[in-house]
Amino acid sequence: MDKLILSELTNGLNTVWMLLAAMLVFFMQPGFALVEAGFTRVKNTANILMKNFVDFMFGSLLYWFIGFGLMFGAGGFIGIPHFFDLSFYDGGGLPTEGFLVFQTVFCATAATIVSGAMAERTKFSMYLVYTIFISVLIYPVSGHWTWGGGWLMNGEAGSFMMETFGTTFHDFAGSTIVHSVGGWIALVGAAILGPRIGKYGKDGKSRAIPGHNLTIAALGVFILWFGWFGFNPGSQLAAATTDDARAISHVFLTTNLAACAGGFFALAVSWMKYGKPSLSLTLNGILAGLVGITAGCDMVSPFGSVIIGTICGILMIYSVE
């Protein structure tokens with residue numbers, strides 16, 4: 001009886017932690033909305049905000065309809081589809097509905113990344129097509145390869161990963177599965193669309209198109225930074241034991257240090273390069289550090305997280321150029 005009570009208490013605490021983390025990741029949606037709106041021109045604000053709402057509303061419905069089944073269904077390359085049906089999934093004590101919500105907010109994050117990169121030059125109707133493909137196919141399939149137990153997580157002798165690398169793929173919270181997937185899709189979209197009108201002069205040189213409200217953008221980055229404390233530590237999916245608490249605390253620390261290092265070194269490099277510190281590059285440096293640490297935040301040391309954040313913050317500046 002005591003073991004049963006303890007097991008139920010453990011599952012309850014783990015479920016509450018997972019759902020709390022899901023709430024924090026959901027709160028990143030207004031963060032993305034503010035960052036994207038603040039860094040673009042005022043005439044495009046309504047378009048940006050509507051896209052962020054659609055990402056979550058439409059994406060949630062589609063991921064529940066088919067995406068979750070593709071991501072966690074059996075299979076090496078793609079999961080077996082399960083339309084609307086969640087009964088196939090065994091959460092190991094965690095409610096399937098709760099885990100679906102947790103994964104849904106991650107899926108919505110991958111979709112939202114695309115919105116910012118393609119801002120100010122995408123028809124709203126065509127952006128809906130992007131959201132459909134990300135929520136129904138692209139995120140679920142790439143997620144299946146890793147978190148869904150697909151070929152990148154196949155640790156059997158003779159498998160591709162064990163034969164080639166001697167270990168399986170590791171992405172604790174989604175640097176690859178969420179941010180890189182969204183980033184590559186955004187890069188393809190931006191390459192197809194081309195630059196914004198007025199971005200390049202006749203001499204071919206790039207011109208800065210300042211955002212209309214850096215206050216909003218800065219607030220958005222603070223919200224994203226806050227939400228990331230659900231994004232990374234929440235991926236532990238357990239908080240009932242002392243070991244879980246230590247793991248969560250470690251991830252909190254490495255996440256925060258990488259963000260601080262990314263922002264600080266972006267500030268320093270922009271100051272040296274342009275003669276004055278750049279707020280917009282500092283804000284993006286913070287986000288670069290957060291993205292960079294997300295995959296290995298459970299494994300790297302605090303010093304290692306600072307190194308990762310530093311590299312990401314500096315590379316971001318030269319990537320923008």
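The account below begins with the pockets and then turns to the helices.

Modeller: The model is predicted, so local features require pLDDT of at least 70 and side-chain atom pairs pLDDT 80 or more, while totals for chains, interfaces and linings use all residues. Residues are numbered from 1 along each chain as its sequence is written, and side-chain values use heavy atoms, without hydrogens or water.

The largest pocket has a volume of about 2,400 Å³. A pocket is an open set of points on a 1 Å grid over the protein atoms alone, where a 1.4 Å probe fits, with protein on both sides within 12 Å along at least five of seven lines; lining residues have an atom within 4 Å of a point. Its volume is the space filled by probe spheres set on the points. The largest pocket is lined by 49 residues, and those closest to its centre are Gly116, Ala117, Asn284, Met316 and Val320. At least two residues of this lining come from each of α2 (28–38), α4, α7 (175–193), α8 (214–231), α10 (279–293) and α11 (302–320); helices here are DSSP runs (H or I, at least four residues), numbered from the N terminus. Helix α10 gives the largest share of the lining, 8 residues. By class, the lining of the largest pocket holds 28 nonpolar, 14 polar and 7 charged residues, where Ala, Val, Leu, Ile, Met, Phe, Trp, Tyr, Cys and Pro count as nonpolar, Asp, Glu, Lys and Arg as charged, and the others, Gly among them, as polar.

Axes are lines fitted to C-alpha atoms over the stretch in contact, and angles run from 0 to 180 degrees between N-to-C directions. Met18, Leu19, Ala21, Ala22, Val25 and Phe26 of α1 are in contact (heavy atoms within 4.5 Å) with Gly98, Phe99, Val101, Phe102, Val105, Phe106 and Thr109 of α4. That contact comprises 11 nonpolar and 2 polar residues, with no charged residue.

Helix α1 also meets α2, a helix of the largest pocket's lining: the axes of α1 and α2 come within 4 Å and cross at roughly 15°. Leu24, Val25 and Phe26 of α1 touch Met28, Gln29 and Pro30 of α2. By class, 5 residues of this contact are nonpolar, 1 is polar and none is charged.

Helix α8, another contributor to the largest pocket's lining, packs with helix α9 (residues 242–274) at about 150°, their axes 9 Å apart. Therefore α8 and α9 are roughly antiparallel. Trp225, Trp228 and Phe229 of α8 meet Phe252, Thr255, Asn256, Ala259 and Cys260 of α9. The contact of α8 with α9 has 6 nonpolar, 2 polar and no charged residues.

How values were computed. Parallel < 35°, antiparallel > 145°, perpendicular 65-115°, else oblique.
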